Amino acid sequence: MSDSLYYVLSAVLAVGVLYGIRLMSDVKTAARGNRFSALCMLLAIALTMARTDLRGSIAYIILGLLVGILLSVWMTVKVRMIQMPQMVGLLNGLGGLASAIAAVMTLALGAAKGGFEVVSSGLALAVGALTFSGSLVAAAKLHGLMPPKPRVLPGHSLFSALSALAMAALVVLLPLFPASAALLSLPLALLGLAFGWLFAVRVGGADMPITISLLNSTSGVAAAIAGMALGDVLLVAVGGIVGASGLLLTQIMCRAMNRSLAGVLFGRAAGPSAAPEAEPVPAEGDKPAEAPAGATLEDAKAWLEDAKSVVIIPGYGMALSQAQERVKRLQDALSAKGKGVRYAIHPVAGRMPGHMNVLLAEADVPYESLLEMDEVNPDFPDTDLALVVGANDVVNPAANTAQGTPIYGMPILEAGKAKHLVICNFDDKPGYAGVPNPLYQPRPNVLLLLGDAKDSLDKLLERV
Amino acid sequence: MSREVILVLVFLAATLLGYRLIHAVPSLLHTPLMSGMNALSGITLLGMLAVTALAGGVIGRVAGAVGIVAATINVVSGFGVTDRMLKMFRGRGQDGEGQG
């Protein structure tokens with residue numbers, strides 16, 4: 001195959017992938033877009049195998065492909081929707097690993113001819129390695145294999161900065177010592193792994209969407225840089241697309257939490273420890289377990305009876321309690337009585353971008369009912385009943401007032417403006433950000449149902 | 001133009017185009033978008049195939065096979081779970097399998 005034919009075919013396939021992504025901008029054509037991208041990928045693999053002299057490695061290549069396909073089929077069938085954040089985390093990591101291995105082999109086999117290729121290989125190795133270790137830590141935290149709380153070591157930021165500097169130094173040194181490139185790649189890989197680990201151990205809980213999005217981006221960047229080392233246009237183009245996507249999602253997540261990317265990367269983790277001592281809102285110490293002063297379940301019955309418009313606000317607590325089926329049942333029961341039921345989805349609700357939408361789609365909630373924050377917020381003052389299911393920080397009005405707290409300035413769903421409010425949360429402790437929620441204070445139009453969201457929803461279902 | 005310049009330009013063009021197209025994806029679909037991107041980052045499989053073909057010794061070929069397994073998992077299960085998720089998104093009054 002001539003080089004020019006290869007470049008033309010590569011360009012066609014890259015455009016095909018972009019077209020597939022374009023189809024994803026509409027929920028009606030998204031599945032077709034995904035399949036179209038998959039077809040382009042299959043053709044790209046076939047194209048590469050056709051033009052490469054596979055020589056004696058063919059048995060290893062076929063074995064690798066077969067094992068990979070078998071494991072994939074098993075994972076694809078087994079994974080549950082609630083596990084999607086750790087699944088994406090794991091796949092981020094495997095993408096980084098593959099790019100890192102490709103980079104090491106490029107160096108070790110002397111395939112990187114000039115300085116540009118050698119530096120690219122070094123960079124791809126570093127980015128791939130940090131994506132791999134960072135993603136494994138993130139996935140382990142999400143899967144409960146590691147404590148989910150942020151862990152900050154003494155001198156954490158210093159070590160992060162030092163390993164980043166050392167990586168940069170090694171990448172620059174690589175082309176100066178071409179003979180020992182393979183040898184230098186070992187400390188480079190270790191530094192990358194250390195940096196990724198340091199990055200991911202100090203994020204947890206509500207910061208996970210940012211972390212997962214960022215590692216999604218770096219897995220693409222690693223592939224693109226590996227492509228530069230190998231002179232493979234398709235790798236560069238598609239890796240670049242993935243890098244852009246992850247970066248865009250990271251920006252969206254940061255904006256939705258009013259955090260700067262640098263703040264997430266280099267410390268200032270908004271962990272519970274960051275909660276200030278002086279609180280504008282007095283937090284009650286001990287309360288009866290159920291329905292404190294304020295509204296009662298019988299009030300809620302009347303609210304459900306009279307309500308014309310209901311907005312449900314799901315959070316990670318709904319996912320934890322697997323209450324989405326109950327939520328759908330409540331929606332059906334209310335809809336059957338002619339009430340309008342919609343959902344308000346905060347961009348960072350859950351543990352990854354779009355997490356709530358997938359869980360509710362699985363429970364057969366039609367996507368027209370799922371509204372974004374900006375769409376739904378103006379409607380809250382006219383909403384008869386807002387129902388919070390396992391969400392806390394994303395509805396906390398303290399975000400507007402409590403200066404100096406981790407959530408200050410974060411845009412929230414203004415559930416507190418609805419005429420009546422029912423909160424089904426596990427307990428009345430502050431959310432992940434550690435800022436007490438003024439909505440929990442007893443008021444006649446607010447009902448607080450503590451405990452497992454499933455049980456709380458059952459209590460409401462009985463009263464519809 | 002040298003090869004290096006072309007590669008860097010391709011990277012910039014793909015990044016900018018991708019950024020614009022992905023901006024249009026509604027937040028409703030951000031989870032399938034991410035798993036779809038997992039599949040695309042498996043494009044590094046092309047690189048793995050190329051370097052594994054170059055490897056002469058057993059160590060290199062085994063390392064190559066490991067990288068191929070990792071990249072293949074990304075490609076196949078990335079597209080697989082994305083398809084599974086997208087089929088779940090149904091509009092009002094739509095029953096049965098998604099509209100693919």
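Me: Why does Gln322(A) count as partly exposed?

Reply: The model is a predicted one. Gln322(A) has 16 C-beta neighbours inside 10 Å. A residue is buried at 20 or more and exposed at 12 or fewer, with partly exposed in between. The value of 16 therefore falls in the middle class, and Gln322(A) is partly exposed.

Me: Where is Gln322(A) placed, and what is its phi?

Reply: Gln322(A) sits in the loop between α12 (316–321) and α13 (324–336) of chain A. Its phi is near 55 degrees, a positive value in a residue other than glycine.

Me: What makes Asp364(A) partly exposed?

Reply: Asp364(A) has 15 other C-beta atoms within 10 Å. Buried needs 20 or more and exposed needs 12 or fewer, so 15 puts Asp364(A) in between, as partly exposed. Asp364(A) belongs to the loop between α14 (355–362) and β3 (370–372) of chain A. Its phi is positive too, about 70 degrees, although Asp364(A) is not a glycine.

Me: Why is strand β4 (residues 385–389) of chain A described as largely enclosed?

Reply: Five of the five residues of β4(A) are buried, so the strand is largely enclosed by the rest of the structure. Leu385(A), Leu387(A) and Val389(A) point one way from β4(A), while Ala386(A) and Val388(A) point the other way. In a regular strand the side chains alternate between the two faces of the sheet.

Me: How do you know that β4(A) pairs with strand β1 (residues 309–314) of chain A?

Reply: The two strands are joined by five bridges, in the parallel sense. In β4(A), Leu385(A) is the bridge partner of Val310(A), and Ala386(A) is opposite Val311(A).

Me: What joins β4(A) to strand β5 (residues 420–425) of chain A?

Reply: Five bridges join them, and the strands run parallel. With at least two bridges required, β4(A) and β5(A) therefore count as paired. His420(A) in β5(A) stands opposite Leu385(A).

Me: What is the order of the strands in the open sheet, and which are called edge strands?

Reply: Six strands of chain A form the open sheet in the order β3-β2-β1-β4-β5-β6, with parallel pairing. The edge strands are β3 and β6 (446–450) of chain A, each of which pairs on one side only. From one strand to the next, the twist averages 25 degrees.

Me: Which strands does helix α17 (residues 453–462) of chain A touch?

Reply: Helix α17 packs on the sheet and touches β4, β5 and β6 of chain A. The directions of α17(A) and β5(A) make an angle of about 145 degrees. Another helix, α14(A), lies across β1, β2 (340–345) and β3 of chain A, at about 145 degrees to β2(A).

Me: Into which domains is chain A divided, and how many residues are in contact between them?

Reply: Chain A is divided into domain 1 (81–269) and domain 2 (297–462). In the contact, 18 residues of domain 1 of chain A meet 17 residues of domain 2 of chain A. On the domain 1 side, α9(A) gives the most, with five residues. That side has 15 nonpolar, three polar and no charged residues.

Me: How many residues of chain B are in contact with chain A?

Reply: There are 81 residues of chain B in contact with 98 residues of chain A. On the chain B side, α4(B) gives the most, with 29 residues. The chain B side divides into 46 nonpolar, 27 polar and eight charged residues.

Me: At what angle do helix α3 (residues 58–78) of chain A and helix α4 (residues 58–88) of chain B pack?

Reply: They pack at about 35 degrees, with their axes 7 Å apart. The crossing of α3(A) and α4(B) is right-handed. Their contact has 15 nonpolar, eight polar and two charged residues.

Me: Is the crossing of α8(A) and α3(B) left-handed or right-handed?

Reply: The crossing of α8(A) and α3(B) is left-handed. Residues of this contact include Ala223(A) and Gly227(A) of α8(A) and Gly47(B) of α3(B). By class, the contact of α8(A) with α3(B) has four nonpolar, three polar and no charged residues.

Definitions and conventions. Residues are numbered from 1 along each chain as its sequence is written. Chains are lettered from A and ligands numbered from 1 in the order in which they are written. This is a predicted model: local features need pLDDT of at least 70, side-chain atom pairs count only at pLDDT 80 or more; totals for chains, interfaces and linings use all residues. Axes are lines fitted to C-alpha atoms, for helices over the stretch in contact, and angles run from 0 to 180 degrees between N-to-C directions. Helices (H or I, at least four residues) and strands (E, at least two) are DSSP runs, numbered from the N terminus. A crossing is left-handed if the near helix is turned anticlockwise from the far one by less than a right angle, and right-handed if clockwise. Ala, Val, Leu, Ile, Met, Phe, Trp, Tyr, Cys and Pro count as nonpolar, Asp, Glu, Lys and Arg as charged, and the others, Gly among them, as polar. Domain bounds come from an automatic or database domain assignment. Two residues are in contact if their C-beta atoms, placed from the backbone, lie within 7 Å.
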